[in-house]
Amino acid sequence: MTTELAIHVETDSTRDAAAEPTVVTVYTARSACMQCTLTEKVLAELGIPFVECDITRDENRAARDYVIGDLGYARAPVVVVDEHDHWSGFQPGELKRLAAHFGSRP
């Protein structure tokens, strides 16, 4: 199954590039999560740098505790830009907003 998602992004040239995050973290339930796959696909298509952390793996227990305990999310993916900017689930509007901050052009 192929999913096409077109997101038009307008960049904000007035933002301070130094204040922008350099990489986004995507906490996933990798093997069973279509929303995780879609989120990572769109991030890659928009040229937004990210790292993936599979919170279903035993060695990532601390990350799972952070996502559930500290952030309060119960579903994946969880996208963390910084301590104040994060969300759960496949959120095309949030990805579009994030792309504008990174100055991405799809």
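**Reading strand β1**

Reply: Strand β1 and strand β2 (residues 50-54) run parallel and are joined by five bridges. Strands pair if DSSP finds at least two bridges between them; strands (E, at least two residues) and helices (H or I, at least four) are DSSP runs, numbered from the N terminus. This is a predicted model, in which local features need pLDDT of at least 70 and side-chain atom pairs count only at pLDDT 80 or more, while totals for chains, interfaces and linings use all residues. Residues are numbered from 1 along each chain as its sequence is written, and side-chain values use heavy atoms, with hydrogens and water left out.

Me: Which strand is joined to β1 by three bridges?

Reply: That is β3 (residues 78-82), and the two run antiparallel. T25 has V80 as its bridge partner in β3 and stands opposite V51 in β2.

Me: How is an aromatic pair described?

Reply: One gives the distance of the ring centres and the angle of the planes. The structure holds one such pair. The ring centres of Y27 and Y66 are 5.9 Å apart and the planes lie at 55°, so the pair is tilted (Phe, Tyr and Trp rings, the six-membered one for Trp, pair with centres within 6.5 Å; planes under 30 degrees apart are stacked, over 60 edge-to-face, the rest tilted).
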